[in-house]
Structure formats: C-alpha cells, structure tokens
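Please open the model in your viewer and keep a selection tool at hand. The tour moves from one selection to the next and says what is there.

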Amino acid sequence: MSSDHLPAEAVPATDTPRYDFRAAEPRWQKAWNDAACFRVEDVPTDGRPKYYVLEMFPYPSGKIHMGHVRNYTLGDVVARFKRACGFSVMHPMGWDAFGLPAENAARERGIHPGKWTWDNIAAMRTELKRMGLSIDWAREFATCDPAYYGHQQALFLDMLRAGLVERRYAFVNWDPVDGTVLANEQVIEGRGWRSGALVEKKRLSTWVMRITDDAPDLLAALDEMPRWPERVRLMQANWIGRSEGARLRFAVADPAGIDSVEVYTTRPDTLFGMSFLAIAAEHPLAAQVAMTNPGAAAFIADVQSKGTSEAVLEALEKKGFPTGVDVINPFTGLRHPVWIANFVLMEYGTGALFGCPAHDQRDLDFARKYDLPVIPVVLPPGADPQTFGITDKPFDGEGVAYQSAFLDGLGQRDAKAAAIAEITRRGIGQGVVNWRLRDWGVSRQRYWGCPIPIIHCETCGVVPVPKSDLPLILPDDVTFYRPGNPLDHHPTWKHVACPSCGKAAMRETDTFDTFVDSSWYFARFCSPQAEAPVVRAAADHWLPVDQYIGGIEHAILHLLYARYFTRAMKATGHLSASEPFAGLFTQGMVTHESYKSQDGAWLYPEEVVRRADGTMVHKDTGRDVVVGRIEAMSKSKRNTIDPANIIARYGADTARWFILSDNPPERDIEWTEAGVLGAYRFTQRLYRLAENATFEAGDTPAEFGPAARALRRLTHRTIAAMTEAVELLAFNVAVARVYEFANGFAEADKAADQPGLAWARFEALDAMAVLIAPMMPHLAEEIGQMLRPGTTNLVAQAAWPVADPDLTAAEAFTIAIQVMGKLRTTIDVAPDAVEDDVLARAEAEPNVAKALEGKRIVKRIYVKNRIVNFVVAG
RNA sequence: GCGAGAGUGGCGGAACGGUAGACGCAGUCGACUCAAAAUCGACCGGCGCAAGUCUUGGGGGUUCGAGUCCCCCCUCUCGCACCA
C-alpha cells in the first residue's frame, strides 16, 4: 500500500476494521475473472435479450482521474444491474490512444509516442481493474493499434469510393501552435480547443467527410431519440442550424466580368429596405475588384491575415470597403453599392448578403458607421407609419410590411412567401434551406494518428492504397525536434511506387483527426478481433448501444461525428443501424475545493490540513491557506484527488459508493474527505451487520412475528424501490434506500427472538447482497459468502430479486387530515377502510373538531390512503 | 443578444398536484472509555415555554389542496453567437 505519505489524520481510525477490503477486493476480482462472469460472445446464441452499456473510452493520459471513476462506476452499476435482470450485457473497454499529448511527451521528454501511450495504457488498465468493473476485458483494444486503425483505413477507402469523402482545397482553421488544421467544432472563440492559440486561415488540400449531405437526417432523427437529454438534442440541432430563406441574384449595374451576385437571405420580405450589398473578402467579385483597386486588395489582405479570430478579439468591429460596383434591386430597380465586409463569411450561404439596416442589428451598425440609408419596411404592431423610425435599435420582431409595394399589409410569414414567389416567378432565385453545419475536415498534420491511406501520383492523381496493403502502419523511426509533421520529414516513408502506374509517387502524410477513431469504436467492440472492420452479424446484434455514458463536453463534436460515421458505415454496407447510441446519459463533473498559499501558489489537498475551527493551514509551513472556489478538478488548480490513493486507502467499493451517493449523477459532485469517510464507515457497518446477525436459511416459515413481518415488508419495499431507482439512474435515491434498509435491518436485529425472524434476516441479507452488488460488488460477495459459506456461486451472477406484491402493500396508511388544505392531524387507517368511516373518524379528531367549530362543512375531499380535506364556510 | 436548465435546512439532496425536508454529511447531548477514535442511543429548518405559527428565490394566478401547473420578475449555471 502506498498510503504512507498521506496525512495521518486522514487515515480512517477504526479500532479493528472487520472488513478487510485489501484482501477481499483482489480476491473477488480474480474470482469474477476466473468464472468469466462478464464475457459475452460476438454473436450470442443463448436467446437472452441484449444490452450494450458503454462509457466513453478514456484517453490514456497516464492515470485515471475522478471523472473516470464516476463515469465507469455509473456504467458499471447499469451493466451489473441489467446482467442481474437477465440481460446478456456487453460492457467493453478500450483506449482512445492517438492524439497530441503523446507527441508533446515525445518532444518534451524524448519518449516515443507509442511507448508513452502503451505504458500509460498498462498503468491505467491496472488502476481500472482495481475498481472492480464488470468489463469484458477480452474486447479491449487501443485505437493506436494497427489492428484497429487498419480497419479504419479500409472504412475510409470504402467511403471514398462511395462518394462520402472528397479532397478539397479550402480555407482551413490553422492552429499555429499545434501546427495543424482544426475542424470548425474545434475552434472555440477563435482559438484552438487544445492549444488556446489564435486560429489563422490557411488554404490547404484536405480530406473532407461530406457530413452536410446528412444534415437533414441528422437533424430529423433527433426527434426520434427520446432517451437522449433534451439539452444535448437542442445543442446538436442548433449546431446543425437549419434556416429557411431564399437565394437570389442581383444584377451588377455596369458589369465588367461578373454580371451578377447571388445572396442568401432569411428575410426576403425586407428587400424593399435594402441599402447595400456586402460580400466576403474571399468572394470572386472581391478578387475581381482587387485586380484594379489597390485599396480593395489591401483591405482583403488585411481581413484574411486577421481571420475570423482577430475579429472576435476586436470586439466585433464591423469594417467594410466600397468596391465602386453597384447592383440593382430587382424589386425596386434602385442601385445599391457593393461593399467588401469583414463580417461576411464565405463559408455560409453564398458569401454575400444584402443589408437591410432597419431590421438587422449588424446591418444597422454597418450602415451607421458608413452613413448608409436606413429604410424601415416592417411596421411594429400599433406603430404609426408616419412617425415610426429607427434610431439605434433595429426592429426585428413580428410586424406588418409597408413601403413595400406588393408586400404591403402582409405579416412576416406571408410577406416572405410572397417575396419568394415573386423571386421565383422572375427566375432570379428560389426559396432554399440553408445549414450552419460545415463539412468535416479530417486531415491533420500530425504524426501520432491514423495515416490516411492515399498515394499522390503525378500521372494517376489520387490513388487509394490497395486494401491488401492495409494496415498502412506508422513508421516508428521519427524525430520530433523540427516543427511540423514528423511523417512529412521522414526520409523514406512517404516515397512509394504508385500502385496504379508504378512510377515514383508520394504518400499522403496527413493523419486522421482523432475524432474519426472514436466515431466507430463502439462498433468494433462487437467483434474486436475480426478480419473485417466489423462482423455484420455481431454489430447488428449488439448495436445500437443501449446506454452510452459520458461527459456533456462531447455533446456536439464526438456525438455528432459518431452519428454521421454510423450513417456512413451503413451507406457502405458495414452496419444496419443509423444511430449508434439509443440512450445517452451525460454525467456531471467531479469538483473539489481549491487552495492557495498566501503567495498565490495553488496547493494540492494533500498539502493542507483543516484546523478545528474549520480554517485551513499549510502542512509544511504552518501558514494560513486561502480556500478558493469549489470547481472541477484540474491539474492547473491542483484541486485533484488521485483515485489510486483513495482506492488504496478505503477500497474500490468506498470510492464507488461515495461517487454514487451524494448527488444525482447528472449534476456536479463535490469530492469531500468527510463524505468518503462516511462511505467507508458504511461499508464497515454493513459488513458488521451481516457478520453479527443471527440468520437461518431454509424453507419459508409458516409463521412470522411482528418484527419478522416488518423486516420482510422492508425487504420487499426496498427491492421495489431500488429497482425503480436504478432503472431511472437515480443512484443517489437508490443509495438512500440502502441506508434505510440497513437502518431497518439493525432495528430488526435487536428485536426479541420470534417466529420467522432468523429466516427474515436471511431473506433481507440475501436481497441486500444482490441489491448493493451493482454499487459495491466486492462487499456484496463477502455478504454472499457469509450467507452461504463456501459457496462457489457468485453474487455477480445472481438474479435481481423480485418484490412480493403482498409484502410491498402497506398494512396501514397514515393519512393526513386537513381543514381548508391545512394539516390538522394524521390518523392511521387500514388499506381497505371505508370512506365514511374514515371521514367520521377524521371529523372526530380533537384538533380537527376544534378547527371545524362554528363552521359549516361544504365539501369533504377524500383521496384513498392519502388525505382527507374538509372545505368549510362561515 | 439567442437558446436551455436550475434556485428546497449549515451542506449534498428527497418528495405520482396530497403530511415539505426521505437518506447522507456536518453539528449538539448522552452511553462506553483513564482519554480519544471507532461504535451505540437521542436530538437536529425559523420563531415560540407551549398550543401553535411561519417556511421550497420574489410577486400574482389555477385548485379543496401548489416545491410541483400557468403568468411576470430576480439570481445563478451551461451552450451558441458577425449565420445574412
């Protein structure tokens, strides 16, 4: 045990702990392993219903953290519960093993990324196994293993052939610190999601997955996913971003080359309020103007150098440059200037828009800055058309069109329809649906990723690596002391003969975005050793995942990509399912107090000690410590607790029990030493209760004394309540029921001997063992052994108990007696009590009679077994 | 700005429209102990000696009855945000 360096006062002081988890936990882990309790077949034939539980697989950073403990405990409770309920449960584990930290380690410490990763996997596997998770370890794989990523390459080639993937020259988000391309989804407030560096625009050749083709289906299917959190579905819907509007062409007034500009608009009804047309810096018309206008060229260069990120930083200041070109408004025939503007995105719509300052904030800001006309064409309800005007706020609400010729008097909806009809009639455009979602660029200029299996030949162009040559393996001998992609610097790897013509050719040196790796691992788990990427029969049996569990931070990126990739695998004949995850649960974070020394340095919880008065002091220096906010555990704030230490000190069951007990799992949980100690004490208490109890197995006795009956009722009510709570993932409530059960059992333990009591105790403990097994599996086995010494049956394989309805029904009800909704007293009644009798008794209660005095009863409300309410007058 | 969610004792939180505060943590008192820890027992929202009375962010409403349903407001958290 490595607890020697831990503060002595934190070590649980119990005279002689009866339950020796240090011996028990490894013993039961071995027993489960020996009995292969958690193994399932790729294609099972036993006829049991399947249930696939999956937690988001970990990145092998080196150690497990509390977020992992929470994630895998939640999943394990579900897996063990479903298994006990008779399901054939697949619960696998793997490693999301490609990614930048491995390369950083290589640069900083001279370790090869592969060695670093595999060593981390080994260390974390050991830690995870100590948690006692019911995982089918035979299914384990790492995405950095050619045996995995080779199949990924094959999938990619299939998708390429099917037209789901294409090569594109495009402006990409370039992270100058990581030296790689980022997907839109990976740019947060203009910065790289990992490096935090300002993202630049760069034109590169990249591989793109055509996720936008599936945008309509990805959006529509969200409505058919009742077991996903509403919040996540909304986030995805917003991200996909469907909008309805129109495309229309504006004729250029004095054409010199380009003779029209097409815009996208969601407000065709405001066309009469147009005062300018704005185009993106990358727009072809801008390029044409720049050829003869140095000012325009300079402006374009300025916008492009700063990119979108700089704009965000500059408090979104709108800037434009007049091109001198005019366009003609098809509805009014008026001429309007074309501006190049820094806020127009080439990637959205058509890269051009018409400005209607009266009804759009951004257009209004722009118009005010450059002194362009502001013409209101929608009248707010109740406003006077003679006096209505726009000052600093546009009117973007629902109103009636005016000063708009044939649209006058129409509401927004009708005006839009009429405008689109007119645009269509004139053949200058049509109504369209537009999407915010961008295609998914998957090329990354990185070494530690899955190589993209493509060869570039001067004669043949883009040539796929023949499938017989897969897996295309990463070379091991790379160096990291130069910036950029080590694969590109490798002396020989990229030089290869063209598979088609045999001439010298070059390998693609980009690797896949690691989100590709995690977009199909759930499918690979179904047949992890297969020769093909997936065995159709296995995947069709197990998919979709019935319960997927992970952090909310993956609400968009990972989950959207995985949904798309599943569709792409279906389109290429690898799967039948369209949706990978039927049920999704997003867990809350694990938080902890943070501590700072007086000179402002963050301190680890191990470095501080709580004084009797609750203030904190630095252990070594004795100086006061500033207690900071309670926030998500992070290395930078040093407010982390190492799960390995907790498991060593208190055992896996304690860690599992605590992380389940305090909070609903979707909320953040604060890790506290006191809470853990409480959980630890409860493991000991349960053990003692079972150990000290007098119980007796055997046939159901014919007779039960009052205490025995009470205990039996508690047992069966607990079974019913636990079943419901676990089913709903309300684990904190399930924990509360176990506490109640234990308290009630302790009560019954003290009762005088009576018929059936010893048997009722056996029944209670027998149920207890199975009920707690999902949460505290090792302790459950210990109790199982006490009940049946020497048995080789494992609680892990026991069936979930079934509540006897005769025993869950209450023997009597305490019902509330109210007068005008105010509680006056309670009375106990039999379940089959007659209404009139209950009412009469209630009315006769002294407190009730007092409240009724001098009043006339107008109405008597009676809800069986619940409540009586007298409505009175006077 | 737009969208979503949440406000209940000292704390985490329970509560099919039906006795608000289950259960845990912390705390108080007692037993055991030379003492402490552990353990066991009692208490544990406010005011009140008590009978009572007030109490689920604030205000209104629906209802015999509202933490729960409806409307308005306040606060906090999260997500998105030059999207035309």
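This is a predicted model: local features need pLDDT of at least 70, side-chain atom pairs count only at pLDDT 80 or more; totals for chains, interfaces and linings use all residues.

Residues are numbered from 1 along each chain as its sequence is written, chains are lettered from A and ligands numbered from 1 in the order in which they are written, and side-chain values use heavy atoms, with hydrogens and water left out.

**Helix pair**

Select residues 706–727 (helix α20) and 731–750 (helix α21), whose axes come within 9 Å and cross at roughly 170°. α20 is therefore roughly antiparallel to α21, a label for angles over 145 degrees; the axes are lines fitted to C-alpha atoms over the stretch in contact, with angles from 0 to 180 degrees between N-to-C directions. Helices here are DSSP runs of H or I with at least four residues, and strands are runs of E with at least two. Next, show the side chains at the contact (heavy atoms within 4.5 Å): among them are Leu-711, Leu-714 and Met-722 in α20, and Phe-731, Phe-741 and Phe-745 in α21. By class, this contact of α20 with α21 has 13 nonpolar, three polar and two charged residues, where Ala, Val, Leu, Ile, Met, Phe, Trp, Tyr, Cys and Pro count as nonpolar, Asp, Glu, Lys and Arg as charged, and the others, Gly among them, as polar.

**Sheet**

Move to the open sheet of four strands, ordered β20-β19-β22-β21 with antiparallel pairing; strands pair if DSSP finds at least two bridges between them. Its edges are β20 (461–464) and β21 (495–497), each of which pairs on one side only. Three bridges join β21 to β22 (residues 504–507), and His-495 has Met-506 in β22 as its bridge partner.

**Pocket and cavity**

Which residues lie closest to the centre of the second largest pocket? Select Tyr-59, Ser-61, His-65, His-68 and Glu-553, which are the closest of the 46 lining residues. The largest share of this lining, five residues, comes from α2, and by class the lining has 22 nonpolar, 17 polar and seven charged residues.

Finally, select the residues that line the second largest cavity, including Arg-80, Ala-84, Val-770 and Trp-800. This lining divides into eight nonpolar, no polar and one charged. On a 1 Å grid over the protein atoms alone, a cavity is a set of points where a 1.4 Å probe fits but cannot get out, whereas a pocket is an open set with protein on both sides within 12 Å along at least five of seven lines, and lining residues have an atom within 4 Å of a point.

Conventions:
Angles under 35 degrees count as roughly parallel, over 145 as roughly antiparallel, 65 to 115 as roughly perpendicular and the rest as oblique.
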